[in-house]
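The points below are grouped by residue pair.

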Amino acid sequence: KDIEVVVLETSASTTLEVRAAIEAGNDVTTGGNFTADGRDFDYTTGSLTGDPGVYGISTSGTVDQTGSSQIGGNGQAPDGTEAQTEQNLTWGDSIDNDGDAATDEEAWDGIDNDGDGQTDEDTDGYATDPDGRVGLPPGTLKAAAQNAGTYFTDGTQYDAWIAANGGKPVPGSIIYVEADSWISVNLGTTAPGDDPSILVCHNSTSTMLMKNIHGNFTGLIVADYVDHTNGTAMIYGGFLCLSGQLGNAFGNGTATVRYSRNALANLAAALPDGYQRISWKQE
């Protein structure tokens with residue numbers, strides 16, 4: 001018997017597009033001296049590129065800027081207002097993007113839900129699956145981390161891994177932490193020019209909590225829930241919070257999240273290329 005399989009080639013050669021330095025599926029509160037800066041930074045130098053960039057925060061909930069925290073983006077320097085935010089988004093555009101007479105009908109999950117040979121092409125609602133948000137088939141990031149030895153089931157395993165590498169993640173890694181929670185997250189340190197990495201904190205119920213985040217990171221962080229990005233944390237690239245914020249603040253202290261287009265463009269060093277089976281038949 002013959003089996004015919006239709007596959008969709010997935011490629012990591014393009015820049016991951018984000019709407020803001022921080023995207024979230026629910027409310028975001030900033031406090032202390034936290035900064036969300038959507039202007040475009042070169043991660044190799046820490047300098048502005050001159051490109052206006054994106055919003056500081058984009059969310060399907062609301063943004064509450066408190067204390068001395070600041071938000072900037074779209075060419076505007078951070079200030080103590082919510083001007084450079086998008087709030088109450090549905091993440092849909094009310095357009096029939098795939099010509100099937102339905103609008104915003106796809107779940108953002110990396111699956112061809114409506115059987116038209118495309119994935120996540122006409123979505124409504126923010127992603128609840130990290131693979132879907134990045135544009136990869138379900139399970140891709142976890143499998144890549146498992147194959148590379150960078151899949152962890154608690155924070156102490158991650159701490160041991162970065163300690164063995166001089167206190168920083170191996171550049172260009174896909175790191176996947178799957179647990180109920182990770183408290184007191186030490187991202188480690190990165191050096192200018194290190195290949196950007198991907199850090200996923202996610203479990204099967206999309207309820208993993210990433211709390212008290214400090215250290216430096218370059219690349220993409222994808223987490224279910226976030227509580228307190230703090231201390232002097234510095235993140236270049238993008239921070240995606242799928243389920244939302246827990247606790248009283250997404251970020252406080254003097255922590256900073258800076259959008260970096262070239263960091264997101266260089267995720268190809270970590271992202272796997274491959275093929276997704278979208279249909280098959282046996283004759």
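A residue counts as buried under 20% relative accessible area, as exposed over 50%, and as partly exposed in between. With a relative accessible area of 26%, Lys211 is therefore partly exposed. The model is predicted, and a search of the whole structure finds 7 salt bridges in it. Three of them, among the 7 found, are described here.

**Asp227 and Lys211**
- A salt bridge joins the side chains of Asp227 and Lys211, at 3.6 Å from N to O.
- Asp227 belongs to strand β17 (residues 216–229) and Lys211 to strand β16 (residues 209–214), so this pair ties together parts 16 residues apart in sequence.

**Glu17 and Arg261**
- Glu17 and Arg261 form a salt bridge whose closest N and O atoms are 3.5 Å apart.
- Glu17 sits in the loop between β1 (3–10) and β2 (20–24), while Arg261 is in helix α4 (residues 261–265), so the pair ties together parts that are 244 residues apart in sequence.
- Arg261 has a relative accessible area of 35% and is partly exposed.

**Asp194 and Lys168**
- The Asp194 and Lys168 side chains meet in a salt bridge of 3.2 Å, N to O.
- This pair links distant parts of the chain, 26 residues apart: Asp194 lies in the loop between β14 (181–186) and β15 (197–201), and Lys168 in the loop between α3 (155–164) and β13 (174–177).
- Asp194 is buried at a relative accessible area of 15%, whereas Lys168 is partly exposed at 22%.

Note on methods:
Residues are numbered from 1 along each chain as its sequence is written. This is a predicted model: local features need pLDDT of at least 70, side-chain atom pairs count only at pLDDT 80 or more; totals for chains, interfaces and linings use all residues. Side-chain values use heavy atoms; hydrogens and water are left out. A salt bridge is a side-chain nitrogen of Lys or Arg within 4 Å of a carboxyl oxygen of Asp or Glu. Helices (H or I, at least four residues) and strands (E, at least two) are DSSP runs, numbered from the N terminus. Buried means under 20% relative accessible area, exposed over 50%, partly exposed in between (1.4 Å probe, protein chains only).
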